[in-house]
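Student: Please take me closely through one part of this model. I would like the sheet, and then the pieces around it.

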Amino acid sequence: MKNDITSIFKPHLVPKEVYKGGKNIPPTDKKIYKLSSNENPLGASPKAVAAMKAALEKIDIYPDQTDIRLREALVKDFDVQLTTDQFLCGNSGSEVIDIVLRAFINEGDEVIFSNPCFLPYSVFSRWYGAHQVDVPLLAPNYDLDVESILNAITEKTKIIFLTSPNNPTGTYIPKPVMDDFISRVPKDIVVVFDEVYRHFADADDYVTALPYVLEGHNVIGLNSFSKTYGLAGQRIGYGYTTATIANYVRLIHKPFLLPLTSIEAAIGALNDTEFIEKTVKTVLEGRIYVSKAFDELGIEYWPSQANFFIIDPPLPEMEFTDKMMEQGIMVRPVSQFGAPGKVRITIGDKEANEALVTALKKIIEDDHTSL
């Protein structure tokens with residue numbers, strides 16, 4: 001008989017890889033521009049902040065037992081194309097991923113994702129004993145490998161993760177590709193379509209999960225309030241899908257699922273159309289400015305539909321990251337996301353973007369001088 005407690009640990013929970021979020025700004029008197037975590041360049045929605053402050057008077061009592069008020073607000077935000085039964089809420093988009101996996105995955109089931117991608121797809125699925133099937137995005141443009149994904153499906157496949165725009169590459173899945181893929185996926189598989197950065201996508205052939213959900217496909221559109229709405233610190237997200245799937249997944253919702261401040265902040269943010277429009281305008285203008293600077297400096301990057309770029313830095317990724325920090329710019333190495341040697345840079349406001357370009361010029365000049 002074994003008397004070591006580790007003998008009863010679940011094998012699939014033995015650490016292999018752990019998701020590590022972006023670092024916070026370190027204590028310093030120096031001006032630091034945090035371009036490492038894809039946060040809103042303008043801060044938080046003023047209406048969300050006001051709603052949170054008003055809610056502070058009631059934090060001594062339990063919040064709403066369910067997420068129904070937020071789901072009602074989301075129905076309005078989606079122009080009443082969906083019903084309250086079709087939404088799922090959680091403490092961040094990441095928790096929605098977790099809830100969906102808990103609802104559908106048994107030990108030995110298979111989950112398909114395509115690296116480079118958001119690490120929680122693999123980390124969270126491992127928690128439930130899922131077999132992870134990585135069908136990498138196609139080089140050199142990080143295109144979705146539709147045929148290989150379809151060929152990887154087995155009778156054990158339960159969930160396929162797709163992301164558009166994709167983190168960390170900024171690339172997207174064109175509508176014709178998505179149409180073809182959805183039409184060929186077996187009806188007993190859930191497609192989780194991560195569209196957290198959808199507000200920043202302006203390509204003519206960009207598509208969200210909405211049309212596929214409206215057609216009754218087993219698709220979950222995953223969203224977050226961390227980016228466009230500036231509520232990363234409140235940890236709130238949602239998904240939308242068919243009523244059949246949503247009603248099933250909500251069976252494992254905890255009572256009092258969401259903090260009161262998060263509920264009020266999210267509802268306030270959905271009503272702040274002026275802030276949303278200003279955020280999108282700032283990001284799109286910044287995206288043009290930064291891409292032009294990359295072109296002028298000879299930095300290899302991938303066209304982005306999100307609020308960030310992935311680049312092939314002029315120095316090894318960690319050396320580059322350290323030197324950027326010396327210049328007051330925080331960026332994110334993304335080897336952990338399946339993109340070895342690459343670095344992700346968030347688009348900031350005008351001041352941050354200009355500081356970024358200045359730092360890049362300095363690093364490149366110093367590198368050339370040292371040769």
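Tutor: What follows goes from the sheet as a whole to its strands, then to helices and loops. The model is a predicted one.

Start with the order of the strands. The open sheet has 7 strands, and they run E2-E8-E7-E6-E5-E3-E4. Their pairing is mixed. In general, strands of a sheet pair through backbone hydrogen bonds, in a parallel or an antiparallel sense.

Now go to E6, which covers residues 190-194. In the strand order, E6 sits between E7 and E5. With E5 (residues 157-163), E6 pairs in the parallel sense, over 5 bridges.

Is E6 enclosed or open? E6 is largely enclosed by the rest of the structure, because 5 of its 5 residues are buried. Look at the two faces. Val190, Val192 and Asp194 point one way from E6. Val191 and Phe193 point the other way. All of these are buried, Asp194 included.

E5, H6 and E6 form a β-α-β unit, and the unit is right-handed. Helix H6 covers 175-184. The peptide bond from Asn167 to Pro168 is cis, with omega near 25°.

Helix H2 (residues 68-77) lies across E2 and strand E8 (237-240). H2 runs at about 125° to E2. Phe87 is a residue of E2. How buried is Phe87? Its relative accessible area is 0%, so it counts as buried. Set aside the neighbours within four places in sequence, and the contacts of Phe87 are Arg71, Leu74, Val75, Phe78, Leu82, Tyr238, Gly239, Tyr240, Ala246 and Arg250. One of these, Leu74, is 13 residues away along the chain, and its C-alpha atom is 7.9 Å from that of Phe87.

Helix H3 takes residues 93-104. H3 is mostly covered, with 10 of its 12 residues buried. Among them are Gly93, Ser94, Glu95 and Asp98, along with Val96 and Ile97. At the start of H3, a side-chain oxygen of Ser92 comes to within 3.3 Å of the backbone nitrogen of Ser94.

Leu137 sits in the loop between E4 and helix H5 (146-152). With a relative accessible area of 14%, Leu137 is under the 20% limit, so it is buried. Beyond its neighbours within four places in sequence, Leu137 is in contact with Ser114, Asn115, Pro116, Tyr142, Asp143, Leu144 and Asn166. For scale, Thr282 is 145 residues from Leu137 along the chain, and their C-alpha atoms are separated by 29 Å.

The loop between E4 and H5 also holds Pro140. Ala139 and Pro140 are joined by a cis peptide bond, with omega about 0°. Tyr142 lies in the loop between E4 and H5 too. Its phi is positive, about 60°, although Tyr142 is not a glycine. Tyr142 is buried, at a relative accessible area of 13%.

A further residue is worth a backbone check. Arg235, in the loop between strand E7 (219-224) and E8, has a phi near 55°, which is a positive value in a residue other than glycine. Arg235 counts as partly exposed, at 36% relative accessibility.

Methods:
Residues are numbered from 1 along each chain as its sequence is written. This is a predicted model: local features need pLDDT of at least 70, side-chain atom pairs count only at pLDDT 80 or more; totals for chains, interfaces and linings use all residues. Side-chain values use heavy atoms; hydrogens and water are left out. Two strands pair if DSSP finds at least two bridges between them. Helices (H or I, at least four residues) and strands (E, at least two) are DSSP runs, numbered from the N terminus. Contact means heavy atoms within 4.5 Å. Axes are lines fitted to C-alpha atoms, for helices over the stretch in contact, and angles run from 0 to 180 degrees between N-to-C directions. Buried means under 20% relative accessible area, exposed over 50%, partly exposed in between (1.4 Å probe, protein chains only). The expected span of a helix is 1.5 Å times one less than its number of residues. A polar contact is a pair of N or O atoms within 3.5 Å; within protein, one must be able to donate a hydrogen and the other to accept it, and residues adjacent in sequence count only if both atoms are side-chain atoms. A crossover is right-handed if, with the strands pointing away from the viewer, the path from the first strand over the helix to the second runs clockwise.
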